[in-house]
Every structure is written in structure tokens, then in C-alpha cells.
Amino acid sequence: MDCLFCKIAAGEIPSSKVYEDELVYAFKDIEPQAPVHVLVIPKEHIQSAAAITSENSGVVARIFEVISKLAVEMGLDNGFRVVSNVGESAGQSVRHLHFHVLGGRDMTWPPG
Ligand code: 5GP
Ligand code: ZN
């Protein structure tokens, strides 16, 4: 399958890795929108948060465990934001499930 994030998770395309286990890969976003901007992805291909089912949701639980550990490691004590864009209206540009972890600055709400 021709998927950028599958290739990044497999190490076929280089990335700045911040975490890896048998299910999950996390790396720095190439175009950071905050002082800390990490993407956390399942190694298996899932199209988006709209494709999460009872069969594949275990990895999503793991992803959120990883996010909470990384937030401590990255010193995000003041708070952070977790975002997953789904589909065209939300601006999902890579069709492999990913969670943006953004921190290190104040965030506005609502998002644009
Ligand atoms: P989306 O727009 O789908 O929510 O998020 C995709 C994210 O992937 C964007 O923030 C974009 O900067 C990031 N991105 C796209 N291509 C690459 C890449 O080759 N390497 C890394 N590290 N990030 C990428
Ligand atoms: Zn993929």
C-alpha cells in the first residue's frame, strides 16, 4: 500500500522518532504548529478515526497511554492538545490515523 505513514512507521522513510513499541510509532511533525508537535500513529494502517471499530480499537487505547507518558517526558505540565483530523472538511491530509499532540504554548478555542 502506498501510504506515507505506513512507510514512516516501517522506517522506510526517515522521521524524528520520539517513541516506538510493537503497536505504536510517534515522531515529530515535519511542519510544527507549536513548540511541541508530535504525531502518534498505529503501525497498522487505519484510515482515520472514522474507521475505528471494536476489532482495532485496542491500539487506540495504547496510543492514549503513550500520549500521557510522552506529555510527562516532554514537560507539558501546563497542558496540551490532542487532535485527530478526519476527512476533507477537517483537513486530513494523510489518510492514516494520527493524533497530533501539540503543546508548549497557549492554545485558542474554538480551532479554525
Ligand atoms: P493532517 O493534516 O492529516 O491532520 O496531518 C498530517 C500531518 O503530517 C501534518 O501536520 C504534516 O505536517 C505532517 N507530515 C506530512 N508529511 C510528513 C512527513 O513526511 N514527515 C513528518 N514528520 N510529518 C509529515
Ligand atoms: Zn498507512
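Visitor: Where is D21 found?

Guide: In this predicted model, D21 sits in the loop that runs between β1 (17–20) and β2 (24–28).

Visitor: Is D21 buried or exposed there, and why?

Guide: D21 counts as buried, because its relative accessibility is 13% and the term applies under 20%.

Visitor: What does the side chain of D21 join up with?

Guide: The side chain of D21 makes a polar contact of 2.7 Å with the side chain of Y19. If neighbours within four places in sequence are set aside, D21 is also in contact with K43, R62 and V66.

Visitor: Let us turn to the metal. Which residues coordinate the zinc ion (ligand 2)?

Guide: The zinc ion (ligand 2) is held by the SG atoms of C3 and C6 and by the ND1 atoms of H45 and H96. These atoms lie at 2.0 to 2.3 Å from the zinc ion (ligand 2).

Visitor: How are those donor residues spaced in sequence?

Guide: The spacing of the donor residues is C-x2-C-x38-H-x50-H. Distant parts of the chain are linked in this way: C3 belongs to the segment before α1 (4–9), whereas H96 belongs to the loop between α3 (87–90) and β5 (99–103), and the two are 93 residues apart.

Visitor: And C3 and H96, are they buried or exposed?

Guide: C3 and H96 are both buried.

Visitor: Why is the arrangement around the zinc ion (ligand 2) called tetrahedral?

Guide: The four donor atoms subtend angles of 106 to 116° at the zinc ion (ligand 2), so the arrangement is tetrahedral. For comparison, the ideal angle for four tetrahedral donors is 109.5 degrees.

Visitor: What about M1, where does that lie?

Guide: M1 lies in the segment before α1. M1 counts as exposed because its relative accessibility is 74%, and the term applies over 50%.

Visitor: How many residues separate M1 from H45 in sequence?

Guide: M1 and H45 are 44 residues apart in sequence, while their C-alpha atoms are 9.2 Å apart in space.

Visitor: Now the other ligand. How many residues surround ligand 1?

Guide: Ligand 1 is surrounded by 16 residues, of which the closest are D29, N85, S93, H98 and H100.

Visitor: Which polar side-chain atoms lie beside its oxygen atoms?

Guide: D29 places a polar side-chain atom 2.5 Å from an oxygen atom of ligand 1. H100 likewise has a polar side-chain atom 2.9 Å from an oxygen atom of ligand 1. The backbone takes part as well: a backbone N or O atom of K28 lies 2.9 Å from a nitrogen atom of ligand 1.

Visitor: What share of ligand 1 does the protein bury?

Guide: The protein buries 82% of the 520 Å² that ligand 1 exposes when taken alone.

Visitor: Back to the helices. Where is I8 found, and what does I8 touch?

Guide: I8 is found in helix α1. Not counting residues up to four places away in sequence, I8 touches I13, S15, Y25 and F27. With a relative accessible area of 7%, I8 is buried.

Visitor: How far apart are I8 and A26?

Guide: From C-alpha to C-alpha, I8 and A26 are 9.7 Å apart in space, and they are 18 residues apart in sequence.

Note on methods. Residues numbered from 1 in each chain as written. Chains lettered and ligands numbered in written order. Predicted model: local features only at pLDDT ≥ 70, side-chain atom pairs only at ≥ 80, totals over all residues. Heavy atoms only, no water. Donors = N, O, S within 2.8 Å, 3.2 Å for Na, K, Ca; no water. Tetrahedral: all angles 85-135°; square planar, octahedral: opposite > 155°, others 65-115°. Helix = DSSP H or I, 4+ residues; strand = E, 2+ residues; numbered from the N terminus. Buried < 20%, exposed > 50% of the residue type's maximum accessible area, 1.4 Å probe, protein only. Polar contact = N/O pair within 3.5 Å; in protein donor to acceptor, adjacent residues only side chain to side chain. Contact = heavy atoms within 4.5 Å. Near = heavy atom within 4 Å. Areas by Shrake-Rupley, 256 points an atom, 1.4 Å probe, with all protein chains shown as cover.
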